[in-house]
Amino acid sequence: MTLSIEIDGMQAEVEPGTTVLEAVRSLGGYVPTLCFDERQEAFGACRVCMVGIEGARRPVAACTTACRDGMRIDTRDATARRIAAATVELVLSELPQPPPEHTELAAVARALDVDGGELRWPGEQHERAHDERHPYLALQHELCISCGRCVRACDEVQGAFALTATGRGLATNVTAGLDAGFRESTCVSCGACADTCPTDAITEISLLALTESESHAL
Amino acid sequence: MRFDHNVTTTCGYCGVGCRLEAHAADGRVVSIGPALDGPANHGHTCLKGRFAHQFSRKRDRLRTPLIRDDDGSLRAASWEEAIALIVSELSRIRDADGPDAIAGLASSRATNEDCYVMQRLMRAAIGTHNIDNCSRVCHSPTSWALRQSLGLSGATGNFDDIEAADAAIIIGANPTEGHPVVGARIKQAALNGLQLVTIDPRRIELADYGVVHLSPPAGTNAAVMLGLAHVVLRDGLVDRDFVERRTEGWAELEDLLADYSPADVRRITGVATADLERAAHIYAEAPKASIFWGLGVTEHRYGSEVVRLICNLALMCGKLGRPGSALLPLRGQNNVQGSSDMGALPDTFTGYQSVSDDDVARRFEAAWGVSMKREGGLKIPEMFDAAIAGELKAMYIFGEDVAQTDPNTTHVIAALKSLEFLVCQDIFENETTQYADVVLPASSFLEKGGTFTNAERRIQLVEAAIDPPGEARTDFDILTTISSALGHDMGFVTPADVMDEVAELTPDWAGVSHERIGRGGLQWPVAADGTDSPILYEEHFELPGGRARLAALPYKPPGNEASTEFPMILVTGRRLEHYNAGTMTRRTANLDLAPSDWLEIHPEDADRLWIEEGELVSVRSASGRIELEARVTERIEPGHVFTAFHFPEIRTNLLVGSSADVNTSCPEYKVVAVDVRPVTEESSLTPAIASAP
């Protein structure tokens, strides 16, 4: 038995268990996401994939909401877009510099029209702190937005359990082996963390120079 | 944009067959990531596939042909000069001593198209069946045994069986290091409830995530497999219906199993009765269960027989031909499946079609316009013997460093030295090129197009991310050019043309074409209409009568056993960071992560032999002696030591003798009797007190 749903006025049939995000994407639609990676269990933490549901009191996170029969989904719901944009704006306000152009965060900011321009909520920002002790992997702590994708990639995709979030509030940051660095941790250098990172907080050392030239070209 | 060229290709490290997105800038690969839709890797890859690509532009890459000068050194030469020399020498030797005085080796790292062209070069341009590939020294026992027991030389299912299975046995493999992406998938499955049984003289990482770990001494796998089958029979867990309808040979097997009670198995292997029984029940009682194995099963004197015993267990329990119930050999190199599929073997053309089958041979003769013998050629070890005997005069070795990776290194070097003419086609100078008369600069997987076939029988596209460096050429280009220069024009313009010929001449590949392979790959057999086969043997086995053959094969002791002079057993294998001879990974920052090999030794043995952590030790066998650092670990069983073979400066394979699998000549790399002792620079002349009680 399939479920009949409607997305932005388009009818669709989906299997039970399909999430709203999966349904939207399968129809080629767009919902911005930050903490979502299809290789991991949906986490529902970032509140960027908000969509409107007819009859619901407030927008819901598309990644963790299962489709129901007869559900009518509005990806352009004004409240949902406002929440998502404000969330991303807050995230950006903590970074000392804009995220590199090619990153997912930059793309989401562009899609929500909160890239560049004045920030409404200036405040404390992360301090620059780099760790390049590993031959391939670089940590750029100031770009970390604590989405947890790297930690989940390490746990759920590789199973190395090398990464953890440490600290609280603005100081929350991802560390390898409780800050001993990748090499001294249980890291197996698979790079799944760099692959999933939406901001380049974890990236490949060999790409740092190329990314810099990309920023200069802007 | 950070990148100026992006391709989706297939990884050239290991048989998992990860699909990769490779990104290049200014003619260099700068980053590689996993393809999200990769059927084997599901958007993941390991540190080899992702990071170990800098070797492709390393300064010491071969960039021009080299010719051995009269003074014994290699000098740069033009392609014209090198090819002219190859043609004149091979023609001279063929005329003087006949085509069988020449032999070729294809490479399990090369593409299907390269391997096909190489075997056609040897068979049609030279006129000999003396062609083999390095799967001889790794999974040839698997190939042979699967054909004997079930019919086809390949995994019966695919890696999705990992998640579909309720239970799995891993024997003689260390997936989290040797096949990291499959290792990660198995580990996740185990964390999500897959009941895992591990069998190995090393306590592999996955044993920590399993239910039972059995640690039989190296060389006694057969006893364990027979013991598991005994328990399945004794406790009424045989799938009688499956055995009756789909197999033959049950009565003989049933008789034999009487001799392998848990008590018998414990006498041979030391494996505790309760553990053996538990393992048998986990496998047999699970609704869906699969078996994985690696070279820890095959590289033994009776490795091929153990693979048949593995087939027995699956057949007895009816665990074949459906999702989650599969036999999944973890193939070593990226194209070890394909190099054999392509007929780079002395006794078979493509798709394991026998060279002795007259109908088959006529088909190939008609296609190639030549006539061929109906007797097969020499296997790799026989080639070396023939070279030393003076019967084999020339070899053409493509993408293989036999002087580092083959067993009994001293013998191999003597063979290479006895040749009148040796051509090496490779990407770096290596131990083998030291004996070459001509060295041809070839291309890595990042620099050419074609296909690889992974451990799931999945044929996947390889696409060039960058050009070969300097004057280096693609292997397809080199081999077809040399064939034409020898008077046999193959008529191929691109590797896709090669695949079309393979499809024409190979029933199991009838529907394969580059276009059809697309992003998802095709798992052979592929029917003419393009339908592929993710699962084999759903209805019948590919043997006369459609029945699988059970094999009543008893346990026999290994070819090598511990003795007074050599009291320890050396087992060799892979490390996560490196790949095979290390030619590629040692030229990347993976070397920084793992700068050398080391010897793993159990604390009890270390204590007894006065060996300290980090100390240099000598390892001596009947064939040779090496020195390396010791690391003390409880992960290895007492009485055993373990090391890898990635470093030419350590040269582990000097220790391996000539004992080999009885059916396939695969060397017994996994059981080498050795003497281990500390290397002291000077005598201390100070008495010491032993710490062992």
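In the predicted model, helix H8 (residues 221–234) and helix H14 (residues 303–316) of chain B cross at roughly 15°, and their axes come within 9 Å. Since angles under 35 degrees count as roughly parallel, H8(B) and H14(B) are therefore roughly parallel to each other. The crossing of H8(B) past H14(B) is left-handed. On the side of H8(B), the contact is formed by Asn221(B), Ala222(B), Met225(B), Leu226(B), Leu228(B), Ala229(B) and Val232(B). H14(B) contributes Glu305(B), Val306(B), Leu309(B), Ile310(B), Asn312(B), Leu313(B) and Met316(B). By class, the contact of H8(B) with H14(B) has eleven nonpolar residues, two polar residues and one charged residue.

Six of the residues in the contact of H17(B) with H19(B) are nonpolar and two are polar, with no charged residues.

Chain B as a whole contains 24 helices and 26 strands. Its radius of gyration is 25 Å, close to the 26 Å given by the globule rule for 693 residues, so chain B is as compact as a globular protein of that length. Along the principal axes, the C-alpha atoms of chain B fill a box of roughly 70 × 65 × 60 Å. Of the 693 residues in chain B, 61% are buried. Among the contacts in chain B between residues at least 6 apart in sequence, 74% link residues at least 24 apart.

The loop between strand E19 (522–523) and strand E20 (548–549) of chain B holds Pro525(B). The peptide bond from Trp524(B) to Pro525(B) is cis, with omega near 0°. In general, most peptide bonds are trans. Asp532(B) is also placed in the loop between E19 and E20 of chain B. Leaving aside residues up to four places away in sequence, Asp532(B) touches Leu522(B), Gln523(B), Trp524(B) and Val526(B). Asp532(B) has 19 C-beta neighbours inside 10 Å and counts as partly exposed, because a buried residue requires 20 or more. The C-alpha atoms of Asp532(B) and Asn130(B) are 32 Å apart in space, and the two residues are 402 residues apart in sequence.

Chain A comprises six helices and ten strands. For its 218 residues, a compact globule would have a radius of gyration near 17 Å, and the 18 Å of chain A agrees with this. The C-alpha atoms of chain A fill a box of roughly 55 × 40 × 35 Å along the principal axes. Buried residues account for 42% of the 218 residues of chain A. Of the contacts in chain A between residues at least 6 apart in sequence, 61% join residues at least 24 apart.

Most residues other than glycine have a negative phi. Asp8(A), although not a glycine, has a positive phi of about 45°. Asp8(A) is located in the loop between strand E1 (3–7) and strand E2 (10–14) of chain A. With 14 C-beta neighbours inside 10 Å, Asp8(A) counts as partly exposed. For Asp113(A), phi is likewise positive, near 60°. Asp113(A) lies in the loop between helix H3 (104–111) and strand E6 (130–131) of chain A. Asp113(A) is exposed, with 11 other C-beta atoms within 10 Å, because residues with 12 or fewer count as exposed.

The interface between the chains brings 22 residues of chain B into contact with 20 residues of chain A. On the chain B side, the elements that give two or more residues are strand E3 (28–34), helix H1 (47–51), helix H7 (180–191) and helix H23 (590–593). H7(B) gives the most to this side, with five residues. By class, the side of chain B that touches chain A has twelve nonpolar, six polar and four charged residues.

Notes: Residues are numbered from 1 along each chain as its sequence is written. Chains are lettered from A and ligands numbered from 1 in the order in which they are written. This is a predicted model: local features need pLDDT of at least 70, side-chain atom pairs count only at pLDDT 80 or more; totals for chains, interfaces and linings use all residues. Two residues are in contact if their C-beta atoms, placed from the backbone, lie within 7 Å. Helices (H or I, at least four residues) and strands (E, at least two) are DSSP runs, numbered from the N terminus. Ala, Val, Leu, Ile, Met, Phe, Trp, Tyr, Cys and Pro count as nonpolar, Asp, Glu, Lys and Arg as charged, and the others, Gly among them, as polar. The radius of gyration is taken over C-alpha atoms; the globule rule is 2.2 Å times the number of residues to the power 0.38. Axes are lines fitted to C-alpha atoms, for helices over the stretch in contact, and angles run from 0 to 180 degrees between N-to-C directions. Angles under 35 degrees count as roughly parallel, over 145 as roughly antiparallel, 65 to 115 as roughly perpendicular and the rest as oblique. A crossing is left-handed if the near helix is turned anticlockwise from the far one by less than a right angle, and right-handed if clockwise.
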